[in-house]
Amino acid sequence: MSVRVVTRPILYAILIAFSLFFLMPVYLMFITSLKPLDQITLSQMWELPRAIDFTSYKEAFNKLAPNFVNSIYLVIPATIISALLGSLNGYVLSKWKFKGADWIFTAVLFGMFIPYQSILIPLIQFLREIGLYNSIPGLVLVHVVYGIPITTLMFRNFYASVPTEMIESAQIDGAGFFTIFRYIMFPLSIIGFVVVGIWQFTNIWNEFLFAVTITTSQQQPIMVALQNLSGSQIVQWNVQMAGAILAALPTLLVYIFLGKFFVRGLLAGSVKG
Amino acid sequence: MEPVKTSSSLERESNPLTIKETKRKRPLLTDGVKAILCLLPSIILIAIFVYGFIGWTGYVSLSNWNSLVPDFSFAGLKNYAYLFNDFRFQADLRNTLFFTLFFIIAVLTSGLVLAILLDQKIRAESLFRNIFFFPMALSFVVTGVVWQWLLNPSTGVNLFLKKLGMAPKWYTSVTIIPGIEWGKIEFGVPVAIIAVVIAAMWQMTGFSVAMYLAGLRGIPDELREAARIDGASEFQIFMKIIFPLLMPITVSVIIIMAHISLKIFDLIYAMTGPGANFVTDVPGVYMFETTFRGNYYANGAAITIIMLLSVAIFIVPYLISSRKGGA
């Protein structure tokens with residue numbers, strides 16, 4: 001039992017009021033996306049659609065599908081590579097600490113807090129040099145590199161809970177650095193991979209700054225395309241809301257089915273390393 | 001801590017398989033060296049892509065590169081001097097200050113209140129939790145697109161508020177309260193920024209709820225029981241015991257939120273853009289437009305260096321103190 005500050009009815013009233021605030025945009029998105037354009041009038045804005053109509057989804061899908069595919073090509077390799085890199089780094093920084101390892105770790109961690117604007121100009125010059133500017137592989141590279149701090153942090157904290165005695169006894173049995181990783185740490189880190197994978201998937205899918213500066217039209221991921229949709233001449237709100245729902249669907253589904261792990265990642269990313 | 005590397009001869013005798021293993025392998029590299037080699041690519045990448053690129057941006061910010069053609073001739077602090085005299089950048093500093101302040105206060109208080117309420121052994125706790133958490137799975141772009149419509153003065157929530165006789169202008173307001181002359185701008189709270197704070201709070205409150213809830217669940221019940229036996233009221237227990245114990249979490253939330261709001265770009269770009277008289281403009285948006293739409297690379301670089309310094313003021317002490325505290 002914790003602090004009892006208010007009576008039950010007031011408590012539920014506050015929670016329900018906040019819930020309405022949180023759900024209001026979702027309600028509006030759904031009802032608007034299901035209306036045909038002639039029902040998008042101010043007087044009917046908050047009303048349920050008279051009949052369910054999927055034309056706005058069809059239109060949003062036609063406009064966003066290529067970018068949706070771009071995002072998939074981006075997010076899958078970037079998530080897998082950065083998770084693998086993070087797990088190796090986390091393994092070294094938790095079980096093979098060398099002199100100065102903690103300082104290196106802190107210096108790496110700083111990389112996840114910087115405003116990415118402050119590396120953007122050289123980054124774009126660099127990507128042009130190596131011919132990856134305006135390409136999905138270029139974005140994959142960017143997300144892998146700037147994903148190193150957070151994935152390393154998460155795996156380092158995760159591996160800290162693996163008892164060192166396990167590593168020591170494996171060494172006595174003759175197992176080396178990679179054998180221990182392959183046969184002891186890796187099998188133990190399935191949950192770690194799920195947490196980090198979900199985290200990276202969500203962040204990369206939702207990311208906008210790199211996407212809008214590194215890619216143009218054909219190569220753009222979904223969030224840039226969604227933003228362009230809202231910037232177009234005639235604002236068709238039903239199409240825009242349908243587009244927002246399509247763009248949000250993958251991460252929302254991940255949250256619905258794996259929310260527990262998502263929240264774990266959230267906490268892992270902020271608590272002290 | 002380095003694990004023990006030597007294996008005793010006793011172990012070898014008792015385990016014939018490992019003898020073969022160790023005899024066959026005459027490793028050139030010890031495990032400690034392998035570990036460092038394994039980490040090396042990441043260290044090099046971070047050294048170049050984070051520190052090297054920041055250094056390069058710093059150099060660009062001191063150059064004359066303000067057109068499509070790179071010009072790396074040294075300009076001194078010219079670009080910085082220009083910014084601090086610039087109406088738009090002064091407005092950005094004001095907007096960032098109040099946005100950061102209100103955003104942190106909103107996220108902290110709503111997060112703490114909701115976490116305490118959720119911790120009262122209530123019904124449907126996980127349902128409420130999910131309602132508060134799900135916006136975090138969304139992109140700031142999605143949030144911006146939806147709230148742009150909700151807080152548009154002629155649509156959205158104003159359709160209800162008009163019935164109550166209210167019609168706030170939300171992000172289209174150009175009012176600054178109190179609007180004292182300061183440099184080239186009016187200093188004060190830009191009313192339009194409140195609309196952006198509401199949208200940002202909608203997205204990020206779940207984070208502080210999750211943090212505080214984890215903190216509250218970590219406080220042993222015995223502490224509260226002991227205080228109750230000593231005759232403390234529930235309010236006293238909260239103020240004297242619970243709140244101080246939650247302090248590290250409050251600090252973490254403040255720092256995470258501060259660094260998000262100091263570098264914010266996508267939410268504002270998608271929701272309002274710079275706004276009339278730059279009432280909702282922030283350095284992130286200014287940098288994007290001046291660099292990638294106007295080709296003022298050196299000016300853009302100077303903006304990002306100022307952004308980086310403002311974030312570093314919060315982050316560097318935080319990282320150093322958690323290094324000492326943890327590990």
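Domain bounds here come from an automatic or database domain assignment.

## Basis of the model

This is a predicted model, in which local features need pLDDT of at least 70, side-chain atom pairs count only at pLDDT 80 or more, and totals for chains, interfaces and linings use all residues. Residues are numbered from 1 along each chain as its sequence is written, while chains are lettered from A and ligands numbered from 1 in the order in which they are written.

## Domains

In chain B, the assignment gives domain 1 (9–61) and domain 2 (86–325). Taken over C-alpha atoms, the centres of domain 1 and domain 2 of chain B are separated by 41 Å. Five residues of domain 1 of chain B are in contact with seven residues of domain 2 of chain B, where contact requires C-beta atoms, placed from the backbone, to lie within 7 Å. The side of domain 1 of chain B that touches domain 2 of chain B has two nonpolar, three polar and no charged residues. In these classes, Ala, Val, Leu, Ile, Met, Phe, Trp, Tyr, Cys and Pro count as nonpolar, Asp, Glu, Lys and Arg as charged, and the others, Gly among them, as polar.

Chain A is divided into domain 1 (1–53) and domain 2 (61–268). Their centres, over C-alpha atoms, are separated by 32 Å. Six residues of domain 1 of chain A are in contact with seven residues of domain 2 of chain A; on the domain 1 side, three are nonpolar, two polar and one charged.

## Chain B

Chain B has 15 helices and two strands. Both are DSSP runs numbered from the N terminus (helices: H or I, at least four residues; strands: E, at least two). The radius of gyration of chain B is 27 Å, whereas a compact globule of 327 residues would have one near 20 Å. This radius is taken over C-alpha atoms, and the globule rule is 2.2 Å times the number of residues to the power 0.38. The C-alpha trace of chain B spans about 90 × 70 × 35 Å along its principal axes.

Two backbone details belong to this chain. The peptide bond from Ile177(B) to Pro178(B) is cis, with omega near -5 degrees, and Pro178(B) is in strand S1 (residues 176–182) of chain B. Asn277(B), although not a glycine, has a positive phi of about 55 degrees; Asn277(B) lies in the loop between helix H13 (266–271) and helix H14 (283–293) of chain B.

## Where the chains meet

Between the chains, 78 residues of chain A are in contact with 94 residues of chain B. H11(A) gives the most to the chain A side, with 14 residues. That side divides into 51 nonpolar, 21 polar and six charged residues.

## Helix H11 of chain A

The axes of H11(A) (residues 237–268) and H7(B) (residues 140–150) come within 10 Å and cross at roughly 150 degrees. Such axes are lines fitted to C-alpha atoms, for helices over the stretch in contact, with angles from 0 to 180 degrees between N-to-C directions. H11(A) is therefore roughly antiparallel to H7(B); angles under 35 degrees count as roughly parallel, over 145 as roughly antiparallel, 65 to 115 as roughly perpendicular and the rest as oblique. Residues meeting here include Trp237(A) and Gln240(A) in H11(A), and Val142(B) and Trp149(B) in H7(B). The contact has eight nonpolar, one polar and no charged residues.

The axes of H11(A) and H9(B) (residues 191–217) also come within 10 Å, crossing at roughly 80 degrees. That makes H11(A) roughly perpendicular to H9(B). Val263(A), Leu266(A) and Leu267(A) of H11(A) make the contact with Phe207(B), Ala210(B), Met211(B) and Ala214(B) of H9(B). By class, this contact has seven nonpolar, no polar and no charged residues.

Conventions:
Contact = placed C-beta atoms within 7 Å.
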